[in-house]
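Please consult the sequence and the structure shown here.

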Amino acid sequence: MDTNIGKLNIGFGWAWLLLGILEAVFIGLFAFQSDWLGGFVALTRRLVILSHIAFMALSIVNIIYGLCLPAANLSNNLKKTGSYCMVLASISMPILCLLSARNSFFQNLFFIPVVCFLIAVVVMIIGQFKSEI
């Protein structure tokens, strides 16, 4: 068993959490301006806020994923696949939210984090309920 499995997700999760906090500081500077980014109900503003939520939540998900991954009953290749997919999904989701706030074309790319999350979660589920593959 590779003892480094999961460390990528844990380290990434803490670093991504820091970026989420920095984004929160920036958003907080303008949050009480009712006309910022088109107002409270504007899609642009909602996507920027969703980006912040994705930064924060997916950081924690990565930390938990990294802590659970070493105990998953899987080959190292499957563990690495799940780990990389979780990181890629966590990078692409908030970035796509921000890009979509500027240009609606990027909304067409949300399948990327969704597919990556799906793969990572399926890998973890298999590792929790199956014998070594």
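Helices are taken as DSSP runs of H or I covering at least four residues, numbered from the N terminus. In this predicted model, Asn9 lies in helix α1, which spans residues 7-30. Gly66, one of its contacts, belongs to helix α2, residues 43-68.

**Asn9 and its surroundings**
- Asn9 has a relative accessible area of 0% and is therefore buried.
- A polar contact of 2.5 Å joins the side chains of Asn9 and Ser83.
- Beyond its neighbours within four places in sequence, Asn9 contacts Asn62, Ile63, Tyr65, Gly66, Leu69, Ser83, Met86 and Val87.

**Packing of α1 against α3**
- The axes of α1 and α3 (residues 76-102) approach within 10 Å and cross at roughly 15 degrees.
- Because angles under 35 degrees count as roughly parallel, α1 is roughly parallel to α3.
- The crossing of these two helices, α1 and α3, is left-handed.
- On the α1 side the contact involves Leu8, Asn9, Phe12, Trp16 and Glu23, which meet Ser83, Tyr84, Met86, Val87, Ser90, Ile91, Pro94, Ile95 and Leu98 of α3.
- By class, the contact of α1 with α3 comprises 10 nonpolar, three polar and one charged residues.

- Gly66 is buried, its relative accessible area being 2%.
- Leaving out residues up to four places away in sequence, Gly66 touches Ile5, Gly6, Asn9 and Ile10.
- Gly66 and Ile112 are separated by 46 residues in sequence and by 21 Å in space, C-alpha to C-alpha.

Conventions:
Residues numbered from 1 in each chain as written. Predicted model: local features only at pLDDT ≥ 70, side-chain atom pairs only at ≥ 80, totals over all residues. Heavy atoms only, no water. Buried < 20%, exposed > 50% of the residue type's maximum accessible area, 1.4 Å probe, protein only. Polar contact = N/O pair within 3.5 Å; in protein donor to acceptor, adjacent residues only side chain to side chain. Contact = heavy atoms within 4.5 Å. Axes fitted to C-alpha atoms, helices over the stretch in contact; angles between N-to-C directions. Parallel < 35°, antiparallel > 145°, perpendicular 65-115°, else oblique. Left-handed = near helix turned anticlockwise from the far one by under 90°. Nonpolar A, V, L, I, M, F, W, Y, C, P; charged D, E, K, R; others polar.
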